[in-house]
Amino acid sequence: MRNIVATYYESLLSADTPSVETLQMRQKVWVATAVKVTSRISLQLLRPFSSFEILLAIKGVGPDVSPGVDGMGRDFFITYWDFIADDLLAAFQEMFNTGIMPQKWKEGLICLIPKGDVVTDEVKGWRPITLLNTIYKIYAKLLALRLQPFLPEIVHDSQTGFMQERSIFDNVFLFWELTGMAMKNKEDLAVLLLDFEKAYDRVDWDFMEGSFLRLGFPVQWIRVIASL
């Protein structure tokens, strides 16, 4: 049974060899991608970390987040902050400079949880969740907080969800405005609701890296993100 489950998810989550059409489409997207990351943003992204930033990242990790293989939760890092602050700062800065994360930090416990309220015998009805070490989550949070202030300058206005000072409900209001205008002017209107199955699990990392480069992100920053 374990082999069946492992084979299913390995097939599902392994990268496919891109077709000629996919490679051509990548190029079309990249040609139309404008540089959004200015030298000012790059300097801010690459500046050295501070202990204060790391402490904010630790507190930004939820208190109820499950620990990983090492068993150390967020409270451990807060309780012993005075003892580990300097070492943690040095470790994070070294990883940031080299783009290399220790393999042990990336190990996790993989659990399967049902997608809905009804438990099913089908493998596709279960979602794999990886419980990563808290130190990994702190580092990821540190990078996210570093990037967050510049997202409005980088991410297009049409992306309304998951952005500060933007609301996903803007799409709902836009829908009603468009339908109202179409009815008033007696014009045809087509509305598409698109959903991507397992979107985050199926990210094309080569395409992502190429997009980061064309947006103007510094190579060091891209290397750091890839290390995660």
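Modeller: Let's start with the side chain of Arg146, which has a polar atom 2.9 Å from the backbone oxygen of Leu45. The Arg146 side chain also reaches the backbone oxygen of Arg47, at 2.7 Å. Both are polar contacts, meaning a pair of N or O atoms within 3.5 Å; within protein, one must be able to donate a hydrogen and the other to accept it, and residues adjacent in sequence count only if both atoms are side-chain atoms.

A word on the ground rules: this is a predicted model, where local features need pLDDT of at least 70 and side-chain atom pairs count only at pLDDT 80 or more, while totals for chains, interfaces and linings use all residues. Residues are numbered from 1 along each chain as its sequence is written, and side-chain values use heavy atoms, with hydrogens and water left out.

Arg146 sits in helix α7 and is buried, at 2% relative accessibility. Here buried means under 20% relative accessible area, exposed over 50%, and partly exposed in between (1.4 Å probe, protein chains only). Setting aside neighbours within four places in sequence, Arg146 is in contact (heavy atoms within 4.5 Å) with Gln44, Leu45, Leu46, Arg47, Pro48, Phe49, Glu53 and Trp221.

Two packed helices are described by the angle between their axes and the distance between the axes. Helix α7 (residues 134-147) and helix α11 (residues 219-227) have axes that come within 11 Å and cross at roughly 145°. The axes are lines fitted to C-alpha atoms, for helices over the stretch in contact, and angles run from 0 to 180 degrees between N-to-C directions. The helices themselves (H or I, at least four residues), like strands (E, at least two), are DSSP runs numbered from the N terminus. The crossing of α7 with α11 is left-handed, which means that the near helix is turned anticlockwise from the far one by less than a right angle.

From α7, Tyr139, Leu143, Arg146 and Leu147 take part, and they meet Trp221, Val224 and Ile225 of α11. By class, the contact has six nonpolar residues, no polar ones and one charged; Ala, Val, Leu, Ile, Met, Phe, Trp, Tyr, Cys and Pro count as nonpolar, Asp, Glu, Lys and Arg as charged, and the others, Gly among them, as polar.

Ser227 is buried, at 9% relative accessibility, and a polar atom of its side chain is 2.5 Å from the backbone oxygen of Val224. Not counting residues up to four places away in sequence, Ser227 touches Gly99, Met101 and Lys106.

Asn97 belongs to helix α6 (residues 81-98) and is partly exposed, with a relative accessible area of 44%. Beyond residues up to four places away in sequence, Asn97 touches Gln220 and Arg223.

Helix α11 also has a part in covering α10. In α10 (residues 205-215), Gly210, Ser211, Phe212 and Leu215 are buried, and what covers the buried residues of α10 includes α2 (20-31) and α11. At the N-terminal end, Asp204 caps α10, with a side-chain oxygen 3.2 Å from the backbone nitrogen of Asp206. Just after α10, Gly216 takes a positive phi of about 100°.

Lys59 is in helix α4 (residues 51-60) and is exposed, with a relative accessible area of 51%.

Finally, the wider setting. The chain has eleven helices and two strands, and 28% of its 228 residues count as buried. Among contacts with a separation of 6 or more, 69% join residues 24 or more positions apart.
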